[in-house]
Structure formats: structure tokens, C-alpha cells
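User: I'm new to this one and would like to learn how to read its aromatic pairs. Can you walk me through them?

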Amino acid sequence: MSLSSALSIAQSALLATSKQTSVVSRNVADASNPDYTRRIAVVTSTAPGARAVEIQRAANELLFRQNLSALSAWSGQSALYNGMDQLELSVNGVDNASSPSTAIAKLQQQLQLYATTPSNQTLGTSVVDAAKQVVNSLNSGTKAIQDFRTQADSQIATAVDDLNSLLGQFQDANKAVISGTRSGTDVSDALDQRDALLKKISEYVPVSTFTRGDNDMVITTKDGTTLFETVPRSVTFAPSAGYSAGTPGNTIYIDNVPVSAGTGDNATADGKLAGLLKLRDGVASTMQSQLDEIARGLVTAFAETAPPQPDAAGLFTWSGAPAIPAAGTLVDGLAGSIGVNAAFDPSAGGNPALLRDGGANGVAYVVNTGGASYSDLLISYGNKLDQPMAFDASAGIAVSSGVSDYAANAIGWFEGVRQQASTNADSKQALAARTAEALSNDTGVNVDQEMSLLLDLEHTYQASAHMMKTVSDMLDALMNAVG
């Protein structure tokens with residue numbers, strides 16, 4: 001081997017070692033970056049004695065896809081569970097203190113007290129006051145639910161804007177990957193950026209991807225709708241200014257294809273958009289229907305009856321009074337319009353004794369024939385709150401029960417859904433953490449390994465430098481001998 005060849009080999013080794021050291025240093029510097037993928041400097045021989053360094057990027061496509069799926073599931077479930085926590089507090093209060101069930105229980109207690117001493121009109125006034133608390137719980141619960149739906153609607157609009165922005169950023173990153181791939185330059189940083197954006201996109205909607213020539217990536221939703229192909233597909237949504245009971249929410253469209261909240265019960269969601277849709281149109285709407293059914297049951301239970309006269313609204317009135325709502329049929333918004341009949345309310349000039357005697361709808365409805373000690377009507381009202389009646393199955397509770405039990409079952413229904421959502425959130429969070437850890441272990445940076453590699457490269461550099469010095473000394477000796 002000639003001295004010039006030996007010098008060339010030593011120089012090539014120094015350059016290769018320098019590039020390898022640079023890659024290792026970059027790995028160590030970005031070890032704490034969750035979106036950074038480890039770089040591997042691979043030395044290849046291009047000619048006798050010549051070496052080149054090719055930078056490769058560690059990747060595990062299977063683990064990455066699993067992590068995307070887990071992130072989507074966790075994001076949707078987290079949005080659903082957190083929304084339920086907020087909804088429970090705003091509708092039922094702490095420990096269900098402001099729930100219709102609690103208010104109805106207090107109304108029953110006041111009825112029982114009044115029935116024991118029907119001549120005491122102070123107790124009659126207490127019944128009317130308790131009825132006002134029931135009305136307040138239903139009215140405020142309706143407002144809270146519809147405000148919550150409006151808020152969820154606004155969050156959907158924000159999420160759609162964020163998703164469109166992410167898709168625009170993804171387009172820029174994808175172009176950088178394609179351009180670098182075609183020119184043969186290192187595209188590791190662009191690939192990291194693209195993968196990081198893909199993780200964020202998957203939090204909004206579950207995605208599937210495939211890669212075409214020149215590393216060009218296509219994104220579709222889980223159900224096959226194209227989300228990105230060369231250019232972002234439009235994600236559109238028209239937010240509503242406000243909601244009322246029974247009003248359906250507007251649809252999200254991806255490339256003119258409607259986005260659904262997914263299949264399954266009210267406790268499961270996949271992706272933030274699906275979670276928000278399920279909150280707005282699933283959980284909250286079902287709660288509203290249950291409040292409306294409770295209100296309908298109260299109007300029916302306290303209706304004044306006097307055959308052959310038609311039943312007429314008694315203590316509780318509503319927008320359709322004096323008529324009674326049809327049995328077993330949901331009336332949207334009834335919980336928001338229910339009120340206490342002014343005929344019974346002393347603060348409005350009414351007489352609470354009508355609870356004992358009847359007659360709020362005219363003399364035909366007077367039933368008291370026992371004077372001030374008459375309690376049959378009061379007892380019957382209390383009993384009707386516990387007597388099974390028909391409720392609309394679309395409200396989510398199919399068990400036949402009285403109004404008081406139905407109100408309690410409504411709390412039980414929500415707590416069951418919330419508990420299931422909590423369990424799902426915990427399990428999906430754990431899965432997201434495990435897949436992220438597995439992906440990091442396989443493609444992330446291990447500082448100990450990198451430092452060990454750095455020591456090996458230092459020894460290689462020293463050997464190459466020593467070789468160059470030896471060649472230099474030999475050349476000096478040769479020149480001196482010739483001179």
C-alpha cells in the first residue's frame with residue numbers, strides 16, 4: 001500500500017468518525033424530545049479504502065400505528081369522561097344535592113307532614129315551597145344541559161379548526177419529505193416532524209396511513225374517509241349559537257362525508273371529535289330527555305281528576321296546561337317549561353289548601369268532603385309519586401317505576417355511564433402509555449448506549465489520527481532521505 005493510499009484511508013476514516021460522532025451527539029442532545037427518533041450512522045465502503053456514512057432513522061411502523069390508535073382512543077375517552085364530570089356537577093350538584101331526585105324526596109316528606117295535619121296551612125305552604133324547589137331543579141338542570149351542549153358545540157368548532165391547521169402543517173412536512181427523498185438528502189428531521197403531526201391529528205380522529213413512492217403519505221380516517229392525499233381534505237362544521245331541548249346538533253364533515261360519534265354505548269368514544277359529539281348529542285341529550293320525563297310524570301301525578309271532566313294540570317303546570325301530556329310520550333323541553341301553578345302559590349295570591357281540597361281548575365274538581373281534616377287527596381298525591389307509570393323508552397330508562405324512583409334511576413343511569421367512561425379512560429390511558437413506552441424503547445434514544453458508542457468512536461478517531469501521524473512521519477523521513 002502506498003503512503004498516499006494510507007493517508008487517504010486515514011482521512012476517510014477521520015471524516016466518517018466525525019460524522020458518526022455528530023450523529024451520536026445529536027441523539028444525546030434530543031434524548032428528552034418525545035418526537036425525536038434515534039439516528040443511526042451506518043458506515044459503508046464505496047471504494048478500496050474509502051468510506052461513507054449513511055444516516056438512517058430508527059423506525060417501527062407496527063408500534064407507531066398501535067400508538068396512533070391508542071392516542072386516538074385515549075383522547076376521545078378523556079374528552080368524554082371529563083365532560084361527564086362537568087355535566088354531573090352542573091346538573092346534579094355535589095353529592096346530587098341539587099338533583100330532581102333529592103328535591104322530589106323533600107316534596108314527598110312535606111306532603112306526608114301536611115297529610116298528618118291537613119288543617120295547618122303553614123305545612124301546605126311548605127309543600128308549595130318544596131314543589132318550587134323541584135321546579136327549580138328541573139328548570140336549572142335544563143338550562144345547564146343546554147348550556148353544556150352549546151359549550152361542547154363551541155369546543156367542536158375549535159377542534160375542527162385545530163385539525164385543519166394540523167393538516168396544513170402536515171402538508172408542509174410531507175412536501176419536505178418528498179423533496180428530500182427525491183434529491184437524496186437526509187429527511188430524518190422532516191420525518192420526525194411529520195410523525196409528530198400525525199400523533200396530534202390522531203388525537204382528534206382515528207387515522208390510518210399508507211406510504212407511496214418518494215415517502216409520500218396518505219391519511220384516511222378509520223372508516224376509510226380520505227383526510228389527506230397530496231393536499232388536506234376539508235373538515236367543516238357550522239357551530240350553533242345556542243341549543244334548546246330536542247334540537248339536534250350540526251354534523252362534522254370530512255371531505256363532505258359526515259363524521260359519526262361511532263358505535264357503542266354512551267361511555268365509549270374514539271377521537272376527540274367523537275367524544276364531543278357523544279357528549280353533545282348522546283349523554284347530554286339523554287339526560288335532558290330524562291328530566292323531561294320526570295317533569296311529565298310530576299304533571300301527571302299531581303293532575304286534578306274529576307270524571308267525566310278531562311284531567312287537568314294541578315300543582316305542576318307547563319306550557320301545554322291545563323291539558324295533561326300524553327302518557328308514555330316524551331315532550332321535549334317540558335322540564336324547562338314546568339312551573340308551580342299560581343293557584344296554589346300564596347306568594348302569587350294562590351291558596352295552598354287547594355292541594356287538600358282540589359278545585360284549582362274549577363268547582364267540578366273539588367273533592368274535599370271532610371272539612372279541614374280531610375287528607376285523602378294529599379295521601380293520593382304522595383302515593384302517585386311511587387305508582388308505576390309509562391315512560392318513554394327513548395330516554396334511556398326502560399324500567400317501569402314511579403316518578404320518584406325514575407328520578408333516582410336517572411342518577412343511577414348517569415353514574416353507571418360515568419363509571420364505565422372512567423374505567424375506559426383509565427384502561428386507554430394505560431394502553432397509550434404502554435405503546436408510547438414500547439415505541440420509545442425501540443426507536444428512542446438510550447443515553448447510556450450513545451455515550452458508550454461515543455467512547456468507541458473516540459478510540460477510532462485516535463487510531464485514525466495516529467495512523468495519519470505515522471504516515472506523516474514516514475513522508476517526512478522520505479523527504480529528508482531524498483533531500
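Analyst: Let's start with a term we'll need: a residue counts as buried when its relative accessible area is under 20%. Keep in mind that this is a predicted model.

User: Is F170 buried or exposed, then?

Analyst: F170 has 0% relative accessibility, so it counts as buried. F228 is also at 0%, and therefore buried.

User: How many aromatic pairs turn up in the whole structure?

Analyst: A search of the whole structure gives four. One of them joins F170 and F228, with 5.0 Å centre to centre and 80 degrees between the planes. Planes over 60 degrees apart count as edge-to-face, so that's the label for F170 and F228.

User: Which parts of the chain does the pair of F170 and F228 tie together?

Analyst: F170 sits in helix α4 (residues 121-183) and F228 in strand β5 (residues 226-229), so the pair ties together parts that lie 58 residues apart in sequence.

User: What kind of pair do F302 and F316 form?

Analyst: That one is edge-to-face too, at 5.2 Å centre to centre and 75 degrees between the planes. F302 is in the loop between α6 (272-301) and β10 (304-306), while F316 belongs to strand β12 (residues 316-317). The two are 14 residues apart, and their pair links distant parts of the chain.

Definitions and conventions: Residues numbered from 1 in each chain as written. Predicted model: local features only at pLDDT ≥ 70, side-chain atom pairs only at ≥ 80, totals over all residues. Heavy atoms only, no water. Phe/Tyr/Trp six-rings, centres within 6.5 Å; stacked < 30°, edge-to-face > 60°. Helix = DSSP H or I, 4+ residues; strand = E, 2+ residues; numbered from the N terminus. Buried < 20%, exposed > 50% of the residue type's maximum accessible area, 1.4 Å probe, protein only.
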